[in-house]
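Please consult the sequence and the structure shown here while reading.

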Amino acid sequence: MRIHAHGGLDQLRLDEVPEPAVRPDEVRVRVRATSINHMDIWVRQGLPGVRVPLPMIPGVDAAGTVETVGETVRHVRTGDRVVVAQGISCGHCAQCLNGSDNLCRDYVLIGEHRDGADAELLVVPGRNVLPLSEDISFEGAAATGLVFLTAWQMVVDKARVQPGETVLVHGAGSGVGSAAIQIARMYGARVIATTSSERKAELARSLGADEVILYTRTELLSEVRRLTEKRGVDVVVDHVGTPVWDVSIKSLAKGGRLVTCGATAGHEAATDLRYIFYKQLSILGSTMGRKGDLLKILGFLASGRLRPVIHSVLPISEVREAHRIVESGEQFGKVVMTV
Ligand code: ZN
């Protein structure tokens with residue numbers, strides 16, 4: 001599935017292309033499942049300041065089987081079930097060697113700066129291929145990757161959520177939101193989630209949200225104050241941006257932390273700095289996560305402590321419909337495509 005130019009859904013086209021070659025340190029994966037992330041929408045529409053090499057195969061999350069193994073790759077064999085780590089980095093700078101590969105200057109994502117997962121075959125460096133347990137379906141693995149890794153770094157590494165703390169998660173139905181609810185709960189937090197409908201609220205509770213605020217019906221800030229007895233929350237997990245920025249700052253308790261990983265509804269916001277210093281707030285930026293954390297997440301998935309949240313599974317031939325659903329925001333969880 002390729003885009004030749006930026007634009008609407010009609011830019012997504014099924015193309016026949018030659019099989020990608022495999023270098024000695026690479027692995028070619030037969031993709032069985034992939035999923036749609038907001039990244040795919042932006043890549044298709046075009047983002048100011050981000051140059052996407054066209055034509056390009058989008059798709060950031062892939063699970064499948066090993067098809068060909070480069071001669072210097074030792075940890076997987078043909079036929080192995082695998083999931084693909086989305087970020088590719090240099091592997092030899094200080095950040096990479098410290099394990100913070102997503103801080104590498106050369107860090108790029110498949111499906112953003114090079115061909116991605118919406119294809120029968122995907123070639124990545126050998127170190128990007130991680131073994132996938134029989135306990136996790138290809139669809140489940142494809143639904144997990146980017147959003148759980150993103151939410152993990154936000155909740156665990158950046159906000160350092162502690163047992164007994166209260167965490168406000170915006171957009172419970174989003175991939176990152178549905179992952180953040182589960183991870184914050186696993187770390188012993190009380191979770192307040194926001195969403196748009198009763199049906200989504202029920203699903204949020206089934207993932208472990210202690211309280212759900214319907215922002216379509218109630219005023220968010222007063223509801224947060226009521227639920228926290230005017231104290232505020234310890235952590236806000238946000239990927240929405242502009243519409244919730246001010247209310248997020250005001251929702252925080254003294255010493256609170258706001259973690260942002262995205263701006264799906266706008267990237268400009270004004271901040272009253274008095275809240276920041278008077279309440280001693282921390283604002284933390286986050287993008288993606290370390291490859292090693294993906295292994296931890298897969299472990300929790302295999303044991304059932306965390307679970308992928310899937311809205312629907314479509315064949316890749318319906319990629320336009322898959323993009324449409326995610327763009328509309330009607331989904332709860334991930335839209336997965338089988339290849
Ligand atoms: Zn590096």
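Leaving aside residues up to four places away in sequence, T260 touches M154, D238, W245, L284, G285 and S286, where contact means heavy atoms within 4.5 Å. T260 is part of strand β14, residues 252-260. The C-alpha atoms of T260 and H239 are separated by 5.6 Å, although the two residues are 21 apart along the chain.

The model is predicted: local features need pLDDT of at least 70 and side-chain atom pairs count only at pLDDT 80 or more, while totals for chains, interfaces and linings use all residues. Residues are numbered from 1 along each chain as its sequence is written, and side-chain values use heavy atoms, with hydrogens and water left out.

**Overall form**

The protein contains 10 helices and 17 strands; these are DSSP runs numbered from the N terminus, with helices (H or I) of at least four residues and strands (E) of at least two. Its C-alpha trace spans about 60 × 40 × 40 Å along the principal axes. The radius of gyration is 20 Å, which agrees with the value near 20 Å for a compact globule of 339 residues; it is taken over C-alpha atoms, and the globule rule is 2.2 Å times the number of residues to the power 0.38. Of the 339 residues, 54% count as buried, where buried means under 20% relative accessible area, exposed over 50% and partly exposed in between, with a 1.4 Å probe and protein chains only. Among contacts between residues at least 6 apart in sequence, 70% join residues at least 24 apart.

**Cores and helix α1**

The largest nonpolar core has 76 residues, and those with the most contacts inside it are V155, V167, I181, I183 and V237. Such a core is a set of buried Ala, Val, Leu, Ile, Met, Phe, Trp, Tyr and Cys residues joined through side-chain atoms within 4.5 Å. Helix α3 (residues 138-158) supplies the largest share of this core, 13 residues. Apart from it lies another core, of 18 residues, including V233, V236, L252 and L258. Within the largest core, I181 is one of the residues with the most contacts; beyond four places in sequence, I181 touches V169, A172, V191, A193, A204, L207, G208 and A209.

In helix α1 (residues 38-45), the buried residues are M39, D40, I41, V43 and R44. They pack against β1 (2-3), β2 (12-13), β3 (26-35), β7 (108-109) and α10 (319-328). Just after α1, G46 adopts a positive phi of about 95°.

**Loop residues**

P55 sits in the loop between α1 and β4, and the peptide bond from L54 to P55 is cis, with omega near -5°. V73 occupies the loop between β4 (61-69) and β5 (81-84). Leaving aside neighbours within four places in sequence, V73 is in contact with P24, D25, E26, V27 and G126. By contrast, the C-alpha atoms of V73 and T216 are separated by 52 Å.

R160 is found in the loop between α3 and β10 (166-169), and M288 in the loop between β15 (282-285) and α9 (291-302). R160 has a positive phi of about 50° although it is not a glycine; for M288, likewise not a glycine, phi is near 55°. The relative accessible areas of these loop residues are set out below.

| Residue | Relative accessible area | State |
|---|---|---|
| V73 | 10% | buried |
| R160 | 55% | exposed |
| M288 | 5% | buried |
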